[in-house]
Amino acid sequence: MLINAFNLIDGLDGLCSGLVLVSLFVIAGLEFANGRPGYAITILTMAAAVAGFMKFNLNPAKIFLGDAGSMMLGFFLATSATQIGGERAVIGSIVLPIAIAGVPLLDVLLAVWRRSARNHLKKTNGEKKEGGIFAADKDHLHHRLLDLGLTQRRVAFLLQGLAVILAALCFVPIMMGGEGLVIALCGLVILGLFGLRHIARVE
């Protein structure tokens, strides 16, 4: 799921690479917190490589990730995250995916819901379905923000900022256990209500 999430979110210059960078710093921070600096240094080495790539990937981009690059980075993140959990494995299993890849995963879930709903409507109306949930569309999160008149750079930085906020909220229960879960849930509910009002109108 992470592999495809980062592949689908790679629709703007600098967006996917910036989100990957945020995710790598989250994993590195958790590895340091869990007393595994060796793993953290490996993650930070990949972060340095992505940061060097991102310099030339910002709008207007000179180089691109493509499917191979975005899916490889998604695979790297997914496998790196399997080391994390420890004593807080139950809470970690719930919030860790959001902390590492909240924005790409949200985009995937919305895409599956949106495309499934459209296919159902077409079937109900007797129309021909085209491609199912794998049919491309122009309703991803970054497309909607572009439609609001934002530039590609602003959209990329906005979604990367959202990823940082989600990661910060998810760090609370991961580091504090059950005590911090209420704080994180309140923050996620507020973000969810804001998103439903301003972003999820298509769904």
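Let me begin with the conventions. Residues are numbered from 1 along each chain as its sequence is written. Because this is a predicted model, local features need pLDDT of at least 70 and side-chain atom pairs count only at pLDDT 80 or more, while totals for chains, interfaces and linings use all residues; side-chain values use heavy atoms, with hydrogens and water left out.

The protein chain has eight helices and zero strands, where helices (H or I, at least four residues) and strands (E, at least two) are DSSP runs numbered from the N terminus. Read along the sequence, the pattern is therefore α-α-α-α-α-α-α-α. The chain has 203 residues, and 41% of them count as buried. Here buried means under 20% relative accessible area, exposed means over 50%, and partly exposed lies in between, with a 1.4 Å probe and protein chains only. The chain exposes about 10900 Å², of which carbon and sulfur atoms supply 68%; these areas come from the Shrake-Rupley method with a 1.4 Å probe, and for residues only the protein chains shown count as cover. Contact, in what follows, means heavy atoms within 4.5 Å. Among contacts between residues at least 6 apart in sequence, 71% join residues at least 24 apart.

Rolling a probe the size of a water molecule over the atoms shows where empty space is left. On a 1 Å grid over the protein atoms alone, a cavity is a set of points where a 1.4 Å probe fits but cannot get out, and lining residues have an atom within 4 Å of a point. Grid points are joined across faces, edges and corners, and a volume is the space filled by probe spheres set on the points. How many cavities of 30 Å³ or more does this rule give? The count is one, and the largest cavity has a volume of about 60 Å³. Its lining includes Phe 6, Leu 19, Val 22, Ser 23 and Ala 163, together with residues such as Ile 98, Gly 102 and Pro 104. Helix H2 (15-33) and helix H5 (89-124) are the elements that give two or more residues to this lining, and H5 gives the most, with seven residues. By class, the lining has 10 nonpolar, two polar and no charged residues. In this scheme Ala, Val, Leu, Ile, Met, Phe, Trp, Tyr, Cys and Pro count as nonpolar, Asp, Glu, Lys and Arg as charged, and the others, Gly among them, as polar.

Now to individual residues, starting with Ala 167 in helix H7. Ala 167 counts as buried because its relative accessible area is 4%. The C-alpha atoms of Ala 167 and Ala 99 are 4.0 Å apart, although the two residues are 68 apart in sequence. Leaving aside neighbours within four places in sequence, Ala 167 is in contact with Val 26 and Ala 99. Ala 99 also belongs to the lining of the largest cavity.

Helix H7 (residues 152-176) also holds Gln 152. With a relative accessible area of 29%, Gln 152 is partly exposed. Its C-alpha lies 7.0 Å from that of Asp 13, 139 residues away along the chain. Beyond four places in sequence, Gln 152 touches Leu 12, Asp 13, Asn 59 and Leu 146.

Asn 59 leads us to a backbone feature. Is the peptide bond from Asn 59 to Pro 60 cis or trans? The bond is cis, with omega near -5°. Pro 60 sits in the loop between helix H3 (37-54) and helix H4 (66-81).

Met 54 lies in helix H3. Met 54 is buried, at 13% relative accessibility. Met 54 and Ser 17 are 37 residues apart in sequence, with their C-alpha atoms 6.0 Å apart. Not counting residues up to four places away, Met 54 touches Gly 14, Ser 17, Gly 18, Leu 21 and Gln 160.

In helix H5 we find Val 112, partly exposed at 36% relative accessibility.

Finally, the cysteines. A search of the whole structure finds zero disulfides, a disulfide being a pair of cysteine sulfur atoms within 2.5 Å. Cys 16 is buried, with a relative accessible area of 0%, whereas Cys 186 is partly exposed at 45%.

Terms used. On a 1 Å grid over the protein atoms alone, a cavity is a set of points where a 1.4 Å probe fits but cannot get out, and a pocket is an open set with protein on both sides within 12 Å along at least five of seven lines; lining residues have an atom within 4 Å of a point.
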